[in-house]
Amino acid sequence: MITIVCPACKEECEHQVLREAAELVVQCSECGRVHRVPKPPEPRILTVKAIVSRETESEVCSVEMLEDEVVTLGDHIVAECGDEAIGVEVTGIEAGEKRVRRAEAAEVTTLWTRGIEQVVVRASVHSGRTTIPLYQTAEGEDEFVVGETYTFGGRRIRISHIKLRDGPVIRKEGWKTVARRIKRIYGYLEGRPRRW
């Protein structure tokens, strides 16, 4: 379906595309008239510069987008880094000299992103008076559940709450989120507390 002006109705209305060739053969959904219209031009594909951060390293990559496609902060897209295609989350959008929350691809000069396929999940584990920082690599879509036990840095910990990157702290037992959304996990050692 496309929306164009019907020569019989003299108004803009939906038309069904019956045949595509050099021109489109369309039928008006209001009056039923069949007529030809020029084929609309295909939108151009743009290659947009993307800075991809993966924990401690960043690299210049690119993202292919249709010129009229809109990108928004928080969108999940695919970046091409050499021969590698990786899933990323948009964390910043530069349009000329300005940082914006959303823009059409044609306006974007640079996308700032972070890799979300593999992320490092940070945990703070309380053991008596000591807090131990632990780190674990996880796939971006791996789930972590409040109240469940996981192995971090060779130690078994039970999650007490999770601080999200883009939201609140989740504390309710059974609530879960994926690794790419986690800012920090808080928990305690499973079993008897050990001396450090």
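These legends describe close-up views of a predicted model.

**View 1. Three domains along one chain.**
The domain assignment divides the protein into three parts. Domain 1 covers 2-38, domain 2 covers 45-115 and domain 3 covers 118-189. Taken over C-alpha atoms, the centres of domain 1 and domain 3 are 56 Å apart.

**View 2. A patch of negative charge on the surface.**
Four acidic residues gather here: Asp 68, Glu 69, Glu 104 and Glu 107. Together they make a negatively charged patch on the surface. Glu 107 sits in a loop, with strand 11 (102-104) on one side and strand 12 (110-115) on the other. Is Glu 107 buried, partly exposed or exposed? Its relative accessibility is 47%, so Glu 107 counts as partly exposed.

The structure holds seven salt bridges. One of them joins Glu 67 to Arg 44. Their closest N and O atoms are 3.3 Å apart. The pair links distant parts of the chain, 23 residues apart. Glu 67 belongs to the loop between strand 6 (57-66) and strand 7 (70-72). Arg 44 belongs to the loop between strand 4 (34-38) and strand 5 (45-54). Glu 67 has a relative accessibility of 25% and therefore counts as partly exposed.

**View 3. The salt bridge of Arg 54 and Glu 59.**
Here the closest N and O atoms of Arg 54 and Glu 59 are 2.6 Å apart.

**View 4. A salt bridge between two strands, Glu 143 and Lys 176.**
The side chains of Glu 143 and Lys 176 meet in a salt bridge, at 3.8 Å from N to O. Which elements does the pair link? Glu 143 lies in strand 15 (residues 143-145), and Lys 176 lies in strand 19 (residues 176-178). These are distant parts of the chain, and the two residues are 33 residues apart. Glu 143 counts as partly exposed because its relative accessibility is 45%.

**View 5. Lys 10 and its positive phi.**
Most residues other than glycine have a negative phi. Lys 10 is not a glycine, yet its phi is positive, at about 65°. The residue is in the loop between strand 1 (2-5) and strand 2 (12-20). Is Lys 10 buried or exposed? Its relative accessibility is 67%, so Lys 10 counts as exposed.

**View 6. Ile 4, a buried residue of strand 1.**
Ile 4 is part of strand 1. Its relative accessibility is 18%. Buried means under 20%, so Ile 4 counts as buried. Glu 67, the salt-bridge partner of Arg 44, is 63 residues from Ile 4 in sequence. In space, the two are 21 Å apart, C-alpha to C-alpha.

**View 7. Val 63 inside strand 6.**
Val 63 is found in strand 6. With a relative accessibility of 2%, Val 63 counts as buried, because the limit for this class is under 20%. How far is Val 63 from Arg 180? Along the chain, they are 117 residues apart. Their C-alpha atoms are separated by 20 Å.

**View 8. Gly 92 in strand 9.**
Strand 9 (residues 84-95) contains Gly 92. Its relative accessible area is 3%, so Gly 92 is buried. Cys 31 lies 61 residues away in sequence. From C-alpha to C-alpha, Gly 92 and Cys 31 are 47 Å apart in space.

**View 9. Leu 164 in strand 17.**
Leu 164 lies in strand 17, made of residues 155-164. Is Leu 164 buried or exposed? At 6% relative accessibility, it counts as buried. Leu 164 and Arg 101 are 63 residues apart along the chain. The distance between their C-alpha atoms is 20 Å.

How values were computed. Residues are numbered from 1 along each chain as its sequence is written. This is a predicted model: local features need pLDDT of at least 70, side-chain atom pairs count only at pLDDT 80 or more; totals for chains, interfaces and linings use all residues. Side-chain values use heavy atoms; hydrogens and water are left out. Patches are made of residues with over 30% relative accessible area and no salt bridge: like charges are joined within 9 Å, nonpolar side chains (Val, Leu, Ile, Met, Phe, Trp, Tyr) within 5 Å. Accessible areas come from the Shrake-Rupley method with a 1.4 Å probe; for residues, only the protein chains shown count as cover. Lys and Arg count as positive and Asp and Glu as negative; His and the chain ends are not counted. The place of a charge is taken as NZ of Lys, CZ of Arg, CG of Asp or CD of Glu. Helices (H or I, at least four residues) and strands (E, at least two) are DSSP runs, numbered from the N terminus. Buried means under 20% relative accessible area, exposed over 50%, partly exposed in between (1.4 Å probe, protein chains only). Domain bounds come from an automatic or database domain assignment.
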